[in-house]
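This report describes a structural model, moving from chain architecture to selected residues.

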Amino acid sequence: MTHLLIEPFEVAFMQRALLAVLILGVLAGAVGVFVVLRRLAFVGDALTHTVFPGVVIAFLIGQSIFFGALAAALLSALLLTTLTSTRRVTPDAGLAILLTSFFAVGVVLVSRVQSYTADLSAFLFGRILAVDRAVLIQTLVVAAIVLTTLVALRKELLLRAFDPEGATAMGYRVDVLDLVLNVLVALVVVAAVKAVGTVLVIALIIVPAATARLLVDRVASMTAISCGLGALAGWLGLAISYDVSIQRGVRLASGATIVVVLVACFIFALAVGPGRRALARRFGGPPATSSTPGAG
Amino acid sequence: MPTEDEARAEALVIRHAAAAYDRTPVLEGVDGVVHAGESVALIGPNGAGKSTLLKAVLGLVPVVHGSITVLGRPPLAARREVAYVPQADTLDTEFPVTAGQVALMGRYPRVGWVRRPGRADRQAAAAALGEVGLADHAGRRFGSLSGGQRQRVLLARAIAQQARLLLLDEPFNGIDASSEELLLAALRRLRAAGAAVVVSTHDLALAHLFCDEVCLLNRHQFAFGPVATTLTPDLLRATYGGHALQLRGDSVILTQP
């Protein structure tokens with residue numbers, strides 16, 4: 001066990017990678033709780049895709065990828081909040097349009113570059129082993145901002161998630177709270193760009209929180225489990241991908257391995273957790289055992 | 001014990017008000033006064049504008065004509081002292097929140113941004129749950145309670161808010177008899193303490209039992225006045241149009257409540 005979980009992290013670049021996934025795991029786990037409670041998985045997914053063109057543009061003009069992602073993230077969080085509160089387009093259609101158009105712009109831009117495939121995969125799936133000091137510091141700063149905001153606005157975000165009408169009646173600006181949460185999700189995507197890429201980060205946000213929801217019935221314990229699970233899966237996934245790549249000579253993408261570990265945890269919780277009945281209720285219960293032939 | 005002056009204080013004054021989401025009013029000609037310690041039932045068929053009127057009092061739907069004055073101020077300025085109680089079954093029953101936490105939410109506007117609820121807030125929330133007969137349910141998940149219990153938790157939230165005007169949207173829909181009894185008892189105590197209560201309801205018997213006045217609505221106001229002289233077969237027939245059937249004597253049946 002030691003050789004799997006401790007030994008890989010004796011080298012500096014692996015230590016940095018570990019630190020990055022631990023921070024990201026906690027960060028994404030915490031934000032994910034509100035994303036899951038608000039049932040905003042699709043919004044989160046859209047944000048992960050809309051950050052992509054910002055990354056590409058920054059890369060093409062030789063600017064910091066971090067700030068490119070940041071600019072795109074803030075812009076898309078603003079657009080998303082406006083789009084989902086308008087009545088002229090249904091929210092899901094609006095999201096789908098925003099998601100695909102931003103993503104397409106990113107792909108068009110990156111396809112003009114010589115090293116097209118390599119760059120594309122780096123942006124989409126990240127290069128965890130290329131995490132350097134600067135990236136770590138950026139990740140830490142973003143984590144500090146996001147976690148502070150979450151702690152500060154905990155009760156307001158909770159009230160808005162539970163009873164938006166009641167929150168409005170009490171005098172809270174629901175649209176402002178929505179913008180805050182969207183910006184927080186976008187910031188997590190920005191923090192995760194280098195390490196796990198823009199596509200897989202949605203799994204880091206959704207899966208730990210959804211798993212925690214299956215196990216417990218309180219927001220506080222849900223948050224603790226979600227953060228812990230995010231960090232733990234990051235560690236385990238990184239260790240497994242390193243072990244398999246080095247010891248067995250099979251290249252395993254670390255970001256994807258982390259996601260596979262997370263999904264395994266989710267399936268385990270689904271099988272054993274007390275929440276499985278609640279989930280069955282939500283999705284309309286188990287399929288019928290016998291089908292009735294159609295009547296004419 | 002409220003003094004004579006306070007008891008007659010105007011909690012809600014509506015003057016020839018029309019409310020509209022955009023340009024066309026969905027509700028017109030509403031006119032009436034609710035005093036502190038009084039309760040009014042909003043009665044009318046589905047889509048009559050009962051919820052719209054509640055939202056206009058909260059300042060969430062614009063008043064395009066006339067005026068609505070809440071505790072002497074415009075609706076938005078009075079919001080801290082107005083509590084809105086939604087229908088329990090509009091809320092997510094899978095949400096991981098306890099009855100005690102929901103009651104505590106009524107304290108959030110007082111606690112203010114960033115700060116966490118203190119001991120006094122927790123005591124107020126616990127006392128409010130006691131008021132609706134759910135003191136020993138504080139740790140239960142909100143969604144695991146019965147419909148009537150959830151409705152009582154939402155009233156507890158409004159009690160914890162210590163509002164002077166309570167707006168309840170169909171609080172008696174589909175709840176059990178004992179919950180109804182406990183809700184009514186809690187509302188009577190609030191009234192005795194000087195709060196004004198506005199209830200939208202389909203239940204004419206309850207309006208008779210609990211309210212001082214009724215407001216008959218269907219896109220516009222048909223009547224606003226004391227229960228005894230306003231909840232009459234003629235006025236109900238006028239309000240409900242073709243959906244009211246005259247029975248023998250004074251009875252009216254509403255086919256589309």
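Predicted model: local features only at pLDDT ≥ 70, side-chain atom pairs only at ≥ 80, totals over all residues.

Residues are numbered from 1 along each chain as its sequence is written, and chains are lettered from A and ligands numbered from 1 in the order in which they are written.

**Chain A**

Chain A contains 14 helices and 0 strands; helices (H or I, at least four residues) and strands (E, at least two) are DSSP runs, numbered from the N terminus. Its radius of gyration, 20 Å, is close to the 19 Å that the globule rule gives for 296 residues, so chain A is as compact as a globular protein of that length. The radius is taken over C-alpha atoms, and the rule is 2.2 Å times the number of residues to the power 0.38.

| Property of chain A | Value |
|---|---|
| Span of the C-alpha trace along its principal axes | about 60 × 50 × 45 Å |
| Buried share of the 296 residues | 47% |
| Share of contacts with a separation of 6 or more that join residues 24 or more positions apart | 76% |

A residue is buried if 20 or more other C-beta atoms lie within 10 Å of its own, and a contact requires C-beta atoms within 7 Å, in both cases placed from the backbone.

Beyond four places in sequence, A:Val188 touches residues including A:Leu27, A:Val146 and A:Ile205.

**Contact between the chains**

The contact takes 20 residues from chain A and 17 residues from chain B. On the side of chain B, these divide into 13 nonpolar, no polar and 4 charged; here Ala, Val, Leu, Ile, Met, Phe, Trp, Tyr, Cys and Pro count as nonpolar, Asp, Glu, Lys and Arg as charged, and the others, Gly among them, as polar.

**Chain B**

Strands β8 (residues 213-218) and β9 (residues 220-226) of chain B pair in the antiparallel sense over 6 bridges, where pairing requires at least two DSSP bridges. B:Leu216 has B:Ala223 in β9(B) as its bridge partner. The hairpin has 1 residue between the strands, and B:Arg219 takes a positive phi near 70°.

B:Leu53 lies in helix α2 (residues 50-58) of chain B and is buried, with 26 other C-beta atoms within 10 Å. Leaving aside neighbours within four places in sequence, its contacts include B:Ala19, B:Val30 and B:Leu217.

Notes:
Contact = placed C-beta atoms within 7 Å. Buried ≥ 20, exposed ≤ 12 C-beta atoms within 10 Å, placed from the backbone.
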